[in-house]
Amino acid sequence: MDFSTIWLFVIAATVLIIPGPAVLYIMARSIEQGKKAGLVSVLGVSLGGSVHVLAGAIGVSAILMTSETAFSIVKYLGAAYLIYLGCKTLFSRPDKTTSEIPKAPSQKLLKIFYQSALVEIMNPKTALYFLAFFPQFISPSAGSVPVQFLLLGAIFLLLAFICDGLYAVLAASIRKRILGSKVSSKLQSRITSYLYIVLGVICAFASPSKI
């Protein structure tokens with residue numbers, strides 16, 4: 001691929017990386033469980049994104065674009081999972097020690113990592129976005145199309161990783177401000193749960209034509 005094409009892709013991708021479902025999910029995690037959990041969520045979302053990149057490179061993601069049934073199955077599974085997380089957070093009992101920021105154990109962080117990857121993998125709009133955007137910068141004459149797709153995917157995931165990490169840190173700083181009282185603890189829990197539920201609704205109404 002031409003170096004100029006890669007730079008053009010970097011510029012276009014930077015402009016198009018706007019806060020979406022993944023960012024809202026990461027911010028919800030940071031507000032709920034702190035900066036470390038938020039950054040682990042960023043890693044999980046990146047892993048989920050890499051799955052979509054690999055699937056796109058070998059053509060598997062194209063099934064989601066041509067099969068309405070396959071798209072609907074993935075879409076509703078992802079939506080149901082997010083709404084479940086929201087309801088679980090909304091109806092869970094708040095910690096008695098709200099003045100301190102709890103430290104998530106390594107096992108819990110590992111669980112957050114896998115959950116975050118699962119949320120991104122079950123978001124079919126990510127696959128459709130890659131399939132719609134990447135081909136604009138791929139040329140068969142430049143070599144292997146799958147290799148070009150993987151290269152563009154790696155660049156995009158790196159840019160998204162940096163952007164998502166900044167949002168995780170920002171949300172964690174918001175968390176510190178609202179900790180310290182029963183009222184703020186309830187507010188924190190409700191903000192997080194509503195974010196999850198809104199994300200679930202967004203995913204439920206996703207359609208292949210709305211990328």
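Colleague: Which helix gives the most to the nonpolar patch, and with how many residues?

Modeller: In this predicted model, that is helix α8, spanning residues 145-178, with 4 residues. L158, for one, lies in helix α8.

Colleague: What makes L43, L158, F161, I162 and L166 a nonpolar surface patch?

Modeller: A patch takes residues with over 30% relative accessible area and no salt bridge, and joins nonpolar side chains within 5 Å. L43, L158, F161, I162 and L166 are counted as such a patch, of about 480 Å², so their side chains meet those cut-offs.

Colleague: Nice! Now, why is there talk of a nonpolar core, and which residues touch the most other members?

Modeller: A core needs buried nonpolar residues joined through side-chain atoms within 4.5 Å. The largest one has 21 residues, and F9, F130, F133, F134, F149, L152 and F156 touch the most other members.

Colleague: What does F156 touch, not counting residues up to four places away in sequence?

Modeller: F156 touches F9, A13, I17, Y129, F130 and F134. Touching here is a contact, so heavy atoms lie within 4.5 Å.

Colleague: Which residues are included in the second, separate core?

Modeller: That core has 8 residues, including A22, V42, V45 and V119.

Colleague: How do you know how many helices and strands the chain has?

Modeller: Helices are DSSP runs of at least four residues and strands of at least two. By that count the chain has 9 helices and 0 strands.

Technical notes. Residues numbered from 1 in each chain as written. Predicted model: local features only at pLDDT ≥ 70, side-chain atom pairs only at ≥ 80, totals over all residues. Heavy atoms only, no water. Patch = residues over 30% accessible without salt bridge, like charges linked within 9 Å, V, L, I, M, F, W, Y side chains within 5 Å. Areas by Shrake-Rupley, 256 points an atom, 1.4 Å probe, with all protein chains shown as cover. Salt bridge = Lys/Arg side-chain N within 4 Å of Asp/Glu carboxyl O. Buried < 20%, exposed > 50% of the residue type's maximum accessible area, 1.4 Å probe, protein only.
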